[in-house]
Amino acid sequence: MPQDRIIIETDCPYLAPVPRRGKTNEPAFVVKTLETLAMIRGVSTEEMARITSDNFFRLFAKAERVRCG
């Protein structure tokens, strides 16, 4: 899949990522999905977070970025 088409979502309530398999999925577990995707793609988690965030905001142009911290 082209890098500019990847986003990460949490709408799969009964398919939590390993090592949480068997439990109800929740948004906090998306970090594990991000880590696994970064490993597969050979980039840092920070880079994958930037890529997927940029893709999200390009897809949903009306969404506003909120800077935390």
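1. Pro19 lies in the segment that comes before helix H1 (30–41), and in this predicted model the peptide bond that joins Val18 to Pro19 is cis, with an omega of about 15°.

2. As regards secondary structure, the chain has two helices and zero strands. Helix H1 spans 30–41, while helix H2 spans 45–59 and is followed by the segment in which Phe60 is found.

3. Together with Ile7, Phe56 and Leu59, Phe60 makes a nonpolar surface patch of about 360 Å².

4. On overall dimensions, the C-alpha atoms of the chain fill a box of roughly 35 × 30 × 25 Å when this is taken along the principal axes. The accessible surface comes to about 5500 Å², and carbon and sulfur atoms account for 56% of that surface.

5. Of the contacts in the chain with a separation of 6 or more, 35% are between residues 24 or more positions apart.

6. On charge, the chain carries 11 positive and 9 negative side chains, and the centres of these two sets lie 2 Å apart.

Notes:
Residues numbered from 1 in each chain as written. Predicted model: local features only at pLDDT ≥ 70, side-chain atom pairs only at ≥ 80, totals over all residues. Heavy atoms only, no water. Patch = residues over 30% accessible without salt bridge, like charges linked within 9 Å, V, L, I, M, F, W, Y side chains within 5 Å. Areas by Shrake-Rupley, 256 points an atom, 1.4 Å probe, with all protein chains shown as cover. Salt bridge = Lys/Arg side-chain N within 4 Å of Asp/Glu carboxyl O. Helix = DSSP H or I, 4+ residues; strand = E, 2+ residues; numbered from the N terminus. Contact = heavy atoms within 4.5 Å. Lys, Arg positive; Asp, Glu negative; His and termini not counted. Charge placed at Lys NZ, Arg CZ, Asp CG, Glu CD.
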